Amino acid sequence: MDIAVSTRPLDRVADFPAIPSGWSYLDTAATAQKPMPVIDAMTRAYAETYATVHRGVYQRSAEMTVAFEASRRRVADFIGAAAPEEIIFVRGATEGINLVANSWGGTNLKPGDRIMLSVLEHHSNIVPWQLIAERTGAEIDVAPLTEDGRIDLDAMAGMLTERHKLVALAHVSNVLGSVLDARRAAALAHDVGAKLLLDGCQAVPRMPVDVAAIGCDFYVFSGHKLYGPTGIGVLWARGDILGAMPPWHGGGAMIDKVTFERTTYAPPPARFEAGTPHVVGVIGLHAAIDYVETIGLDAIHAHETALVRETRDALSSLNSLRLFGPEDSAGIVSFAIEGVHPHDVGTILDESHVAIRAGHHCAQPLMAQLGVDATARASFGVYNGKQDVEALVRGIERVTRIFG
């Protein structure tokens, strides 16, 4: 797929038509803006080549099926999967986690088994495990954080026992930007016979990910945070694990043979992709992966880390402002201003044409740990540059003047 990108060093704002001049979009951790190559690929798919996949015998359906399965291979290569059949297309990371919880968890968890989470997890990596624990009688443990906001793997190592069947952790925190030592987490889980699931929503757009090198068992991420469309995500799992998992949703495409007496099911990945898929979303995801790899994940990570460092350095001089998370946060800066609700911070920044996120970020247990109801969060993407950091700092200085 041909990708036409701007020749600017890494500040790729010219590739993003929804970002007007003078507007600083700093909410990429919630959802990334879409570059023209993704928009163009989806427009072509809807306007020129659209058909459903896997079912049609006519030429266009066959061609769209080829493109659809090429996207699966592209995703597999992108994250280091052993085979395309290990890639399951889902609506998003939330659905991917729910699929694992209901299919793998519903089959393998029993009373007395334990699940290990951490304090900083997104609600989507908490609630599905609570629901399946209620159904199966399993129990949940929570690993604490280090002083600078990382998952405390030393503490977790002391908590894990052979009763733990699953460890589910964020690869990168959506609030603190702290990066998990994923290889060590995998080793700790496997030492007690547990599986490791990683929530990669914030990691995949920001740094290279190789599931084989990490050694995890499940990995999920969403397309819309990777500069792709909404409504499409990926669940990766090791082939032997997928082969032993029962279907979660029933319907078309996931069957082998249906009779009223008995239904048999297709092998993965079809077993887990019931119904007509988000065909154009998958095409858009392919284009998004091509886009970020044209830039380079190492370059993206270095760029966002530099913007975080500049932002933290500038904000650390404000006495009324509290910064959260580690100094080397991956693309995310969360903060609170004394005496100012984060929603007010977000509103005033919006008046200054700076868009940030304000709230609990679907991480209420972490908010309780931090001792706040909510934080303000600035998160960076490939379209951001020094000018956006400067706009953010000017806006925050205005906030402190207004409430000073």
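**Cavity, core and helix**

Colleague: By class, how many nonpolar, polar and charged residues has the lining of the largest cavity?

Modeller: Ala, Val, Leu, Ile, Met, Phe, Trp, Tyr, Cys and Pro count as nonpolar, Asp, Glu, Lys and Arg as charged, and the others, Gly among them, as polar. On that basis the lining of the largest cavity comprises five nonpolar, one polar and one charged residues.

Colleague: On what conventions does this rest?

Modeller: The model is predicted: local features need pLDDT of at least 70 and side-chain atom pairs pLDDT 80 or more, while totals for chains, interfaces and linings use all residues. Residues are numbered from 1 along each chain as its sequence is written, and side-chain values use heavy atoms, without hydrogens and water.

Colleague: Which residues have the most contacts inside the largest nonpolar core?

Modeller: A nonpolar core is a set of buried Ala, Val, Leu, Ile, Met, Phe, Trp, Tyr and Cys residues joined through side-chain atoms within 4.5 Å; buried means under 20% relative accessible area (1.4 Å probe, protein chains only). The largest such core has 81 residues, and those with the most contacts inside it are Y219 and L366.

Colleague: Which helix gives the largest share of this core?

Modeller: Helices are DSSP runs (H or I, at least four residues) numbered from the N terminus. The largest share, eleven residues, comes from helix α9 (residues 279-295).

Colleague: How far apart are the end C-alpha atoms of helix α2 (residues 59-79)?

Modeller: The expected span is 1.5 Å times one less than the number of residues. The 21 residues of α2 should therefore span 30 Å, which agrees with its end C-alpha atoms being apart by 31 Å.

Terms used:
Buried means under 20% relative accessible area, exposed over 50%, partly exposed in between (1.4 Å probe, protein chains only). Helices (H or I, at least four residues) and strands (E, at least two) are DSSP runs, numbered from the N terminus.
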